[in-house]
Amino acid sequence: MYFYLKNLSATQQIGALFVLVFGLLLLASLTAFAFSIKDFADERLAEQRRASLHSINGIIRSSWLMVLVFWLGWMMGNRVALILFAVLSFFSLREFLTLSPTRRSDHRSLVLAFFVVLPLQYQLVWAEHFDMFAVFIPVFVFLALPVVSALTNDPLHFLERNAKLQWGIMVCIYGMSHVPALLMLHFPGYDHRNAFMVFFLVLVVQVCMVTQHLSGRWLKKKPVAPAISASFNWQSWGIAICTASVFGAALAGITPWVPGTAFAFSFIACLAGSLGHFVMKALKRDRGIPSWGKDGLAVTGAGGLLDRVDALCFAAPVFFHSARWYFNL
Amino acid sequence: MLAKLMSYFLLGLIRVLTGSQARWYGCPPKAEQRIYFANHQSHADLVMIWAALPKELRHMTRAIAARDYWTKTPFKQWLTSAVFNVIYVARERTADEDPLEPLLDALSKGDSIILFPEGTRGHAGEPQAFKAGLYNLALKCPQAVLVPAWINNVQHVLPKGEVVPVPVLCSVTFGKPMQLQAGEERRAFLERARAAVIALRDV
């Protein structure tokens with residue numbers, strides 16, 4: 001079986017992967033549907049079941065969407081995938097900045113962030129100018145935005161306002177743009193299989209986050225920083241990272257690495273992702289909201305997109321630059 | 001045709017920029033004759049509240065715009081008349097015509113209207129005092145249902161004096177309908193209406 005898959009062409013392998021993932025999703029959807037039509041004698045139990053089914057349905061729906069986006073990106077080629085990620089960047093930055101209220105005098109900087117910095121960053125990925133792409137936001141934009149802000153002649157909370165905008169750009173544009181950038185790297189002996197790298201990164205980070213969530217619930221250990229996260233503790237964090245890294249090592253076949261190296265790269269990605277998610281939680285507490293989306297139900301109507309992608313936004317740059325350094329690209 | 005395209009373009013644009021979320025709290029969207037009144041902080045308010053209404057209601061709901069400002073250039077005039085089908089109102093009072101005449105006209109035809117009772121765009125957090133128009137309409141047109149609405153965050157999309165909008169999530173909250181009480185004084189009613197709009201900010 002393994003050798004059969006190994007001998008398929010890259011396209012066939014990726015196709016088989018999608019068939020597998022779509023099959024699993026279909027199975028999950030059907031199971032959820034079967035449970036939803038099941039009758040319960042006890043009304044209270046039924047209520048409980050319905051509530052948990054509702055949240056599971058939410059997860060299944062967002063997984064369908066995610067996989068569909070990936071499939072579309074793969075079908076239509078790297079460039080379309082790049083545009084899809086740019087759109088994702090746009091919406092998550094919108095969410096970030098909605099909940100970090102800005103002043104009127106920030107308007108010009110915001111216009112610059114959304115309509116100049118974001119397209120330029122993705123343009124740099126498109127053109128594969130990786131050296132420029134890596135420094136464009138931390139070096140050039142870091143200076144340019146405060147200049148625009150200062151020109152509006154409003155010193156109130158100047159550092160705070162600029163820091164917020166800078167953070168939003170770093171996480172939502174810089175971080176996110178590293179995911180499609182993986183598609184453009186030319187790994188030696190790994191032609192046209194870059195979609196696997198994106199898949200690998202997303203899957204490993206996702207597994208890490210889910211394991212952390214589940215083991216946190218199961219272990220019920222004392223949280224490390226209860227004021228920031230009621231669930232984050234070192235034990236479940238360690239379990240999650242190790243599980244996800246072992247999982248990554250098992251997936252070594254779809255990466256350009258041997259299992260040991262794949263383990264190390266998964267480890268780095270999960271470290272960055274889970275801690276990044278933790279840091280984003282601190283930001284949310286600072287704004288006094290439980291999630292980027294929950295507040296949305298009350299005020300903004302946001303879908304909580306950032307809650308889903310923040311771990312990826314932190315993991316992607318670390319993963320990308322480690323891989324680039326490793327292969328000397 | 002062009003007007004239709006323009007309206008689709010503006011609806012799409014406002015959705016991408018703001019998410020244009022409608023939250024019906026005090027009442028469901030319903031095809032009855034209504035007077036929506038809301039806070040006013042930006043030009044985008046009009047498109048925003050319009051986009052928040054279901055498509056079926058959009059056709060029978062007309063906003064009110066100041067004639068002197070919105071007929072200044074041919075483009076502004078085209079935008080307001082052909083695309084939004086607004087009702088023009090004169091801001092300066094002349095002796096011989098009643099400024100509410102066009103509104104009463106539209107109401108008698110069965111249209112609903114969108115009113116910004118502050119009269120002009122404010123930029124403080126709280127809306128300014130409401131003008132008397134709302135009271136006079138409620139008095140002359142008791143069959144119309146008065147629905148308060150709070151437009152949240154739009155001032156960040158397009159502050160007064162800016163040209164390029166930025167994306168920020170916004171929402172429109174529609175509150176519980178209110179009525180002019182028998183014998184209620186003008187000032188008391190306007191204050192009550194303003195309070196109803198402000199109360200929606202924190203729902």
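Because the model is predicted, local features need pLDDT of at least 70 and side-chain atom pairs count only at pLDDT 80 or more, while totals for chains, interfaces and linings use all residues. Residues are numbered from 1 along each chain as its sequence is written, and chains are lettered from A and ligands numbered from 1 in the order in which they are written.

Chain A falls into domain 1 (1-76) and domain 2 (77-327), with bounds that come from an automatic or database domain assignment. Their C-alpha centres are 24 Å apart. Where the two domains meet, 10 residues of domain 1 of chain A are in contact with 11 residues of domain 2 of chain A (C-beta atoms, placed from the backbone, within 7 Å). On the domain 1 side, α2 (10-36) and α3 (43-76) of chain A each supply at least two residues, and α3(A) gives the most, with 7 residues. Helices here are DSSP runs of H or I with at least four residues, strands are runs of E with at least two, and both are numbered from the N terminus. The domain 1 side of this contact has 8 nonpolar, 2 polar and no charged residues; Ala, Val, Leu, Ile, Met, Phe, Trp, Tyr, Cys and Pro count as nonpolar, Asp, Glu, Lys and Arg as charged, and the others, Gly among them, as polar.

Helix packing in chain A comes next. Two packed helices are described by the angle between their axes and the distance between the axes. Axes are lines fitted to C-alpha atoms, for helices over the stretch in contact, and angles run from 0 to 180 degrees between N-to-C directions. The axes of α4 (residues 78-98) and α7 (residues 158-181) of chain A come within 9 Å and cross at roughly 160 degrees, which makes α4(A) roughly antiparallel to α7(A). Angles under 35 degrees count as roughly parallel, over 145 as roughly antiparallel, 65 to 115 as roughly perpendicular and the rest as oblique. The residues that build this contact include A:Phe85 and A:Phe96 of α4(A) and A:Ile173 and A:Met176 of α7(A). By class, they divide into 13 nonpolar, 4 polar and no charged.

Helix α7(A) also packs on α12 (residues 305-327) of chain A, at an angle of about 60 degrees and with the axes 7 Å apart; α7(A) is therefore oblique to α12(A). Among the residues that meet are A:Tyr174 and A:His178 in α7(A) and A:Asp310 and A:Phe320 in α12(A). This contact has 12 nonpolar, 2 polar and 1 charged residues.

A further pair in chain A is α8 (residues 194-219) and α10 (residues 259-287), packed at about 55 degrees with axes 9 Å apart, so α8(A) is oblique to α10(A). Their contact includes A:Cys208 and A:Gln212 of α8(A) and A:Cys270 and A:His277 of α10(A), and its residues divide into 7 nonpolar, 5 polar and no charged.

Chain B has 9 helices and 7 strands. Its radius of gyration is 16 Å, close to the 17 Å that the globule rule gives for 203 residues, so chain B is as compact as a globular protein of that length (radius taken over C-alpha atoms; rule, 2.2 Å times the number of residues to the power 0.38). The C-alpha trace of chain B spans about 45 × 40 × 30 Å along its principal axes. Finally, 13 residues of chain B are in contact with 15 residues of chain A, and the chain B side has 6 nonpolar, 6 polar and 1 charged residues.
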